[in-house]
Amino acid sequence: MSRTDLAPHARSVPRTVRRTLVPLAAAALGLSLVSAPAAAETGEAAFEHYVALGDSFTAGPLIPPTAPGSDPRCLRSGVNYPHLVADALGVAEFTDASCSGAVIADLSEPQHEDLTDVPPQYDALTPETDLVSVGISGNDLGFSEIFVRCAKLSLRNPLGSPCANHYGDTLDDRVEELRDDVAGVYAEVGERSPDATVLAVGYLQILPESGGCWPTMPVARGDVAYLDALQTSLNTMIAEEAGAAGAVYVDVLERGHDVCEPAGERWVEGVVPENTAFPVHPNEAGMAVTADRVLAGLGVAPAEV
């Protein structure tokens, strides 16, 4: 199977047809991932030019060491999953364009606009790019704003569901409203790098399915399931829109590694990190697991430790 067979470039598929095709596409992708050739089997690098696009869940803020030559405003880690994947694949050219705080608009417009803007992330893509990973839309949904609001509300009612009462169905509406923007990301990547294998990387689990660990993670008991369902909904939407565009979805949401787990088992830190990382963001273990999932999506076995 060729790389373009694994993940062809973005195609325009009517929304009504997408809903029918998604379950079929998921099954097809499962077969593709199993049968994809590992780079080690050929003795040659599977990809030559890898570009990583994304927000802070890609960049890895405050995970040491800082990526050499990285713009300090983007807070890119030298051991974020794109760097680990690039090293494992042995690509000839690697560009990590991810930047903390990025929203979808920052893929096409300068970020941190001042005298020395951070260039649009799409600028890193070329017709020669043959591998692209994308991790975006959490900031567009408003993850940070939502968690801050829910934390404040929990102080008055830690056993109730004040956040769910405040937002109601509006957050589900936000997810649906992001569909066209997310679909547009994969269409644009396909236009700029038509022969690339494109990977859509989901978000690591932040909260458990229920209960939580207030006040360590200040989300009221009744809101934990509400916010976990929201994150699951976002990941599902990303998977659907990416799959409809011909990208491979990399599922990294695995139970038992959320912010409420012990420091040695969690992949995402809480509001007071015990492992070096930005609050409510992936730690080094989370990045390593994500890299392994990306490599598995490409049919490449992770290196033995």
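Tyr-203 is buried, with a relative accessible area of 2%; buried here means under 20%, with a 1.4 Å probe and protein chains only. This is a predicted model, where local features need pLDDT of at least 70, side-chain atom pairs count only at pLDDT 80 or more, and totals for chains, interfaces and linings use all residues. Residues are numbered from 1 along each chain as its sequence is written, and side-chain values use heavy atoms, leaving out hydrogens and water.

The structure holds four aromatic pairs. Rings of Phe, Tyr and Trp (its six-membered ring) pair if their centres lie within 6.5 Å; planes under 30 degrees apart are stacked, over 60 edge-to-face and the rest tilted. Here are two of the pairs:

| Pair | Centre to centre | Angle between planes | Type |
|---|---|---|---|
| Phe-57 and Tyr-203 | 5.3 Å | 65° | edge-to-face |
| Phe-143 and Phe-147 | 6.3 Å | 50° | tilted |

Phe-57 and Tyr-203 sit 146 residues apart, so this pair ties together distant parts of the chain. Phe-57 counts as buried because its relative accessibility is 11%. Phe-143 and Phe-147 are both buried too.

Now for Asn-80. With 0% relative accessibility, Asn-80 is buried as well. The side chain of Asn-80 makes a polar contact with the side chain of His-83 at 2.8 Å. For a polar contact, N or O atoms must be within 3.5 Å; within protein, one must be able to donate a hydrogen and the other to accept it, and residues adjacent in sequence count only if both atoms are side-chain atoms.

Key. Buried < 20%, exposed > 50% of the residue type's maximum accessible area, 1.4 Å probe, protein only. Helix = DSSP H or I, 4+ residues; strand = E, 2+ residues; numbered from the N terminus.
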